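Let's take a friendly walk through a two-chain model. Keep the picture beside you as you read.

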Amino acid sequence: MTMRPIGEDDLQGLVDERLEAARQREVEAFLDDHPEARARVERLVALRAEMRAAFAPVAAEPVPARLNLARIVEARRQPPRPAWHAMAAGLLLLVGGAGGWGLREAVSPVPTGIEALAQSASMNYAVYAPDHTRPVELVATNRDEIAGWFSARLKRPVGVPDLSGAGYRLMGGRLVATPQGPAGLLMYDDGHGARFVMLMRPMSVPGDAPMRPYATASANGYAWAQDGLGYSLVGAADPAILHPLADTIRRATAKAI
Amino acid sequence: MTDMMRLIEPLIPALRRYARALLRNPADADDLVQDCLEHAVGRWHQRRADGDARTWLFAIVHNLAVTQMRRRARRGAHLPIEDTAEANLAVAPTQESGLRHRDLMSALDALPEEQRSVLLLVTVEGLSYAETADILAIPTGTVMSRLSRARDRMIQLMDGADGTVPAKRPLLRRVK
């Protein structure tokens, strides 16, 4: 009977106690004939024990309260915000401050993920959309220049969606600060003075996040993530207008990337 | 929901241990685990139906940690081990084991990031080679070669280059 030659993977397997009994006997026999390999394996076994011992106390610590899973699940079960189609504009004005986004802020003072993104977008909308003098820093004459600027600062390729098909003109963009780092802010208008902004920045978690609506007292928005890049659209327009627009942008960026 | 609690909750101590081993700072590590749990709770229904909860959660922690370490490296905020407050170390060293512990941590710090994660997942977390490959999204063969390189490098750093000289701090400092 010929034995498979002993390889490096067998030695690692022996160190990690992952070998089948028969193979383990073969490897042991090999080490009996090769004292140098035996010495190395023994040192690796000792290293393994040392590393396990060094970090074992961490897993034995009591789990801090903020990592209590029941609490995390509970925190997510906020009173659900009413569906957009059921929410008339007048109702929105009445409950905007107390319900929706306002309440979430009160409950979770430091938003994370999509919520943090949505909050940054609303804040920047509130500052730049009403500005008459300089709403954007780089005007829309060169779409590629804006895309290049954002891509360089966000450290990943970013597209500038064309919404002229939906009746919206790109005014331009600017780079803005968020607690999570730089973000690109694009501004569009409908030719009648109504503006909206779209904020883009890399998310700390890769992958996609489903689109979620949110509202402040004066604006509505949608936020989502696509391939690790977060998007948030904010405007004063009715959700019935913003939602299809957000879908258009999501389709456009999906194709671009 | 109860299914999720039952599967995730027992893994939290191990997730904390892995995050701590990677980031070293206890507060940063727990922040990371909290992010991971929030993410997991929100995305529970989106995970692969046939997938294992443990590898899924470790992958989330790993990806969050890598993002944070790269951000930290860009900011230049990496703490050299000599300057790290005792409270920031994984375990408060006892008098006799203190030096040994420091050598271990210094050697771990000196490993390239991709070798360190393989070594920690296999050795400290006791994950199989296949599970480790799954978490890091690399082939099992790559896990094996990184594991072998990581271990030899650790020994070299801790025992001295020729394997006989006991650890010398100037040597460690030079390879950093």
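Chain B is built from 9 helices and 0 strands, where helices (H or I, at least four residues) and strands (E, at least two) are DSSP runs numbered from the N terminus. Along the sequence, its pattern reads α-α-α-α-α-α-α-α-α. This is a predicted model, in which local features need pLDDT of at least 70 and side-chain atom pairs count only at pLDDT 80 or more, while totals for chains, interfaces and linings use all residues. Residues are numbered from 1 along each chain as its sequence is written, and chains are lettered from A and ligands numbered from 1 in the order in which they are written.

Chain A has 9 helices and 7 strands. The table sets out some values for both chains. A residue is buried if 20 or more other C-beta atoms lie within 10 Å of its own, exposed if 12 or fewer, and partly exposed in between, with C-beta atoms placed from the backbone. Two residues are in contact if their C-beta atoms, placed in that way, lie within 7 Å.

| Chain | Residues and share buried | Contacts joining residues at least 24 apart, among those at least 6 apart in sequence |
|---|---|---|
| Chain A | 257 residues, 30% buried | 56% |
| Chain B | 176 residues, 36% buried | 60% |

Next, look at one helix of chain A. Helix H7 (residues 113–128) of chain A has 16 residues, which should span 22 Å at 1.5 Å a residue; its end C-alpha atoms are 23 Å apart, which agrees. The expected span is 1.5 Å times one less than the number of residues. Among the buried residues of H7(A) are A:Gly113, A:Ile114, A:Leu117, A:Gln119 and A:Tyr125. The buried residues of H7(A) pack against strands S2 (169–178), S3 (181–189), S4 (195–202), S5 (209–215), S6 (220–226) and S7 (229–235) of chain A.

Now for helix pairs. Two packed helices are described by the angle between their axes and the distance between the axes. Axes are lines fitted to C-alpha atoms, for helices over the stretch in contact, and angles run from 0 to 180 degrees between N-to-C directions.

Within chain B, helix H6 (residues 113–124) and helix H7 (residues 129–136) pack at about 140°, with their axes 10 Å apart. That makes H6(B) oblique to H7(B): angles under 35 degrees count as roughly parallel, over 145 as roughly antiparallel, 65 to 115 as roughly perpendicular and the rest as oblique. From H6(B), the contact uses B:Ser117, B:Val118, B:Leu121 and B:Val122, and from H7(B) it uses B:Tyr129, B:Thr132, B:Ile135 and B:Leu136. These residues divide into 6 nonpolar, 2 polar and no charged; Ala, Val, Leu, Ile, Met, Phe, Trp, Tyr, Cys and Pro count as nonpolar, Asp, Glu, Lys and Arg as charged, and the others, Gly among them, as polar.

Where do the chains meet? In all, 35 residues of chain B are in contact with 29 residues of chain A. The largest share of the chain B side, 9 residues, comes from H3(B). By class, the side of chain B that touches chain A has 19 nonpolar, 8 polar and 8 charged residues.

One helix pair spans the two chains. The axes of helix H4 (residues 69–76) of chain A and helix H3 (residues 26–43) of chain B come within 10 Å and cross at roughly 60°, so H4(A) and H3(B) are oblique to each other. Here A:Leu69, A:Ile72, A:Val73 and A:Arg76 meet B:Leu37, B:Glu38, B:Val41 and B:Gly42.
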